[in-house]
Amino acid sequence: MKVYGRKVLALHRSKIGNIGVKDLQIGTWRYLKQSEVDELLKN
């Protein structure tokens, strides 16, 4: 957050759009469910 003159100590992401990612371990990934793909393409 250099723009605000603040140092970022930690960054936590629990969702990306309607996709929950809080249960993923650091450095891991998963395939999207078809319903998640459909929702992303709808918007």
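Confidence by element, then. This is a predicted model, and among the elements of the chain the lowest mean pLDDT, 80, belongs to strand S1, residues 15–16. The highest, 90, belongs to helix H1, residues 34–42. For the chain as a whole the mean is 82, with 93% of residues at 70 or more.

On to the layout. There are 2 strands and 1 helix, and from the N terminus the order is β-β-α. The C-alpha trace spans about 40 × 25 × 10 Å along its principal axes. Of the 43 residues in the chain, 7% are buried.

Now the aromatics. How many aromatic pairs does a search of the whole structure find? It finds 1. The partners are Trp29 and Tyr31: their ring centres are 4.9 Å apart and their planes stand at 80 degrees, over the 60 needed, so the pair is edge-to-face. Trp29 has a relative accessible area of 59%, which makes it exposed. Tyr31 is exposed as well, at 69%.

Another tyrosine, Tyr4, sits in the segment before S1. Is Tyr4 buried or exposed? Its relative accessibility is 60%, and the cut-off for exposed is over 50%, so Tyr4 counts as exposed. From Tyr4 to Lys33 is 29 residues in sequence, and 37 Å in space between the C-alpha atoms.

Last, charge. The chain carries 9 positive and 4 negative charges, and the mean positions of the two sets lie 15 Å apart.

Note on methods: Residues numbered from 1 in each chain as written. Predicted model: local features only at pLDDT ≥ 70, side-chain atom pairs only at ≥ 80, totals over all residues. Heavy atoms only, no water. pLDDT = per-residue confidence, 0-100. Helix = DSSP H or I, 4+ residues; strand = E, 2+ residues; numbered from the N terminus. Phe/Tyr/Trp six-rings, centres within 6.5 Å; stacked < 30°, edge-to-face > 60°. Buried < 20%, exposed > 50% of the residue type's maximum accessible area, 1.4 Å probe, protein only. Lys, Arg positive; Asp, Glu negative; His and termini not counted. Charge placed at Lys NZ, Arg CZ, Asp CG, Glu CD.
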